[in-house]
Amino acid sequence: MKKYDVVIAGGGTAGCACAYIAGKFGLKVLLVEQNSFLGGSITSSLVIPAMKTADNAINTEFFDTLYSKLERAGGAITYCDGNKGWFNPELVKIVLDEMMQEANVEVLFESCIDKVEEKLSGYNATIRNNNIVYSHQELLPLIETKYLVDGTGDAKICQKLNCEKLENEKFQPSSLRFIMSGVDVKTFSDWLIEFDKDRNVTTSCEIDGKTYLSTACTWDSGAKWALRPLFELAVEDGVLKNEDTNYFQIFSVAGTADSIAFNAPRLLDSTEDRSKAYINGRAAILRLSVFCKKYLPGFKDAHISSIANSLGVRVSTRIKGKYVYTAEDLRSGKTFKNPVVVSNYPIDIHSDKKDNSVLEKVFQQYQLPVESLMARDNLFVIGRSISAEFEAQAALRIIPSCFSMGEGLARYLAEKLSDL
Ligand SMILES: Cc1cc2nc3c(=O)[nH]c(=O)nc-3n(C[C@H](O)[C@H](O)[C@H](O)COP(=O)(O)OP(=O)(O)OC[C@H]3O[C@@H](n4cnc5c(N)ncnc54)[C@H](O)[C@@H]3O)c2cc1C
């Protein structure tokens, strides 16, 4: 039986940060990922860029290392607002492989934890992986670990161990993101800057001879969406359905001269039936791509170059841990003895109903305590399924905060082990 200090289920946003930092501390780490690549939402759901967070964020070694390696590989830029989170998702896959090797993290792809059992001081688990296909008998490898970390985004390991869950009093729709390439970004940007005279949500800048931009348009009133009349026209023309206009946000892709990433379509009925959401999502992607080619200058020769492998899930199961972090803690900027995250990102709740989404600014920095990652003795949860109230999670789920909580937990575990 193989023995580890830390086993992490889920090589996504938070899981990779935890594995890398724990490995750097010399811990024996196993990272178990169901996909054939690392990065989770960033790579598999095409969630780019990482949102900008507090200038004095803590636990940023993983982010900084990822950024500098990606930048050297031509896969990251610092946008004109100072945000270093503009990553190229394909290069993220390659750089994360490299980082895990550098930190001596053992990675198992196409693998899941099958059965898991709590011991006196740690956990035993069996791993189900693709290698089984080549053997005639089902001999699932058995492992033993001192600490088990659930970074699956949906608290799948905690659920196997019957941990108590928190209620989702509201829900947030998922999105199926995609990328279009072959866009004449310069032509589009020049047109957009002229078209969005108020420059309420549109930004653009030149970096290393390439044009980068960002804009948005939703069906909510309250912001001056310059693109709004074009969406209305497209609905009238039968190119788009009204529901396609509910959320549209686009960004150029770091390191490319001609690619635009879409934070859309946002799927209004995506919680009940994920299979249906994929089918509806891909149909909406086709409509949105036709809309872009027809109504947006610079898109005439563009094509859909990538559709996310996985639905982008904003919130699903959250665990009731040692400390349930509240929206009041967040709003009041409560401080804690062992913070793992410092952020000022707003409470960001996407709604399935018009004029119901929330983007509530917070007026001070807030801290997330390590106790909100403690599901049980020696069992931890990181990423979007942490022990936090619905509204608090809606602020904490962004990529930099997930990186920080993964890294903060790794530091905490390394210290615990050194005390033993
Ligand atoms: C549509 C959408 C748009 C967003 N936009 C932004 C944005 O612009 N900027 C920003 O900063 N944040 C954004 N976010 C938030 C952010 O991307 C996510 O909340 C964050 O990446 C979640 O990280 P995580 O580690 O919890 O999960 P993930 O990164 O999803 O990682 C979970 C990992 O676990 C793996 N896994 C699942 N089950 C198993 C299993 N049983 N065994 C092994 N592996 C398993 C998955 O394959 C995956 O790799 C967005 C989120 C969504 C959904």
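This is a predicted model: local features need pLDDT of at least 70, side-chain atom pairs count only at pLDDT 80 or more; totals for chains, interfaces and linings use all residues.
## Helix 3 against helix 4

Two packed helices are described by the angle between their axes and the distance between the axes. Helix 3 (residues 61-72) and helix 4 (residues 89-102) pack at about 120°, and their axes lie 10 Å apart. That angle makes helix 3 oblique to helix 4. Their crossing is right-handed.

Helix 3 brings Phe62, Thr65, Leu66, Lys69 and Leu70 to the contact. Helix 4 brings Leu91, Val92, Val95, Leu96, Glu98, Met99 and Glu102. Eight of the contact residues are nonpolar, one is polar and three are charged.

## The buried side of helix 6

Helix 6 spans residues 185-195, and its Val185, Phe188, Ser189 and Leu192 are buried. These residues cover an arc of only 95° around the axis, so they sit on the same side of helix 6. Their cover includes strand 12 (203-207), strand 13 (210-218), strand 14 (247-252) and strand 15 (260-262).

Most residues other than glycine have a negative phi, and most peptide bonds are trans. A cis bond joins isoleucine 48 and proline 49, with omega about -10°. Proline 49 is in the loop between helix 2 (41-44) and helix 3. Another cis bond joins alanine 264 and proline 265, with omega about -5°. Proline 265 is in the loop between strand 15 and strand 16 (266-267).

Asparagine 59 has a positive phi of about 50°. It is in the loop between helix 2 and helix 3. Its relative accessibility is 15%, so asparagine 59 counts as buried. Asparagine 162 has a positive phi near 55°. It is in the loop between helix 5 (156-160) and strand 9 (165-166). At 66% relative accessibility, asparagine 162 counts as exposed.

Note on methods: Residues are numbered from 1 along each chain as its sequence is written. Side-chain values use heavy atoms; hydrogens and water are left out. Axes are lines fitted to C-alpha atoms, for helices over the stretch in contact, and angles run from 0 to 180 degrees between N-to-C directions. Helices (H or I, at least four residues) and strands (E, at least two) are DSSP runs, numbered from the N terminus. Angles under 35 degrees count as roughly parallel, over 145 as roughly antiparallel, 65 to 115 as roughly perpendicular and the rest as oblique. A crossing is left-handed if the near helix is turned anticlockwise from the far one by less than a right angle, and right-handed if clockwise. Contact means heavy atoms within 4.5 Å. Ala, Val, Leu, Ile, Met, Phe, Trp, Tyr, Cys and Pro count as nonpolar, Asp, Glu, Lys and Arg as charged, and the others, Gly among them, as polar. Buried means under 20% relative accessible area, exposed over 50%, partly exposed in between (1.4 Å probe, protein chains only). The arc is that of the directions from the helix axis to the C-beta atoms.
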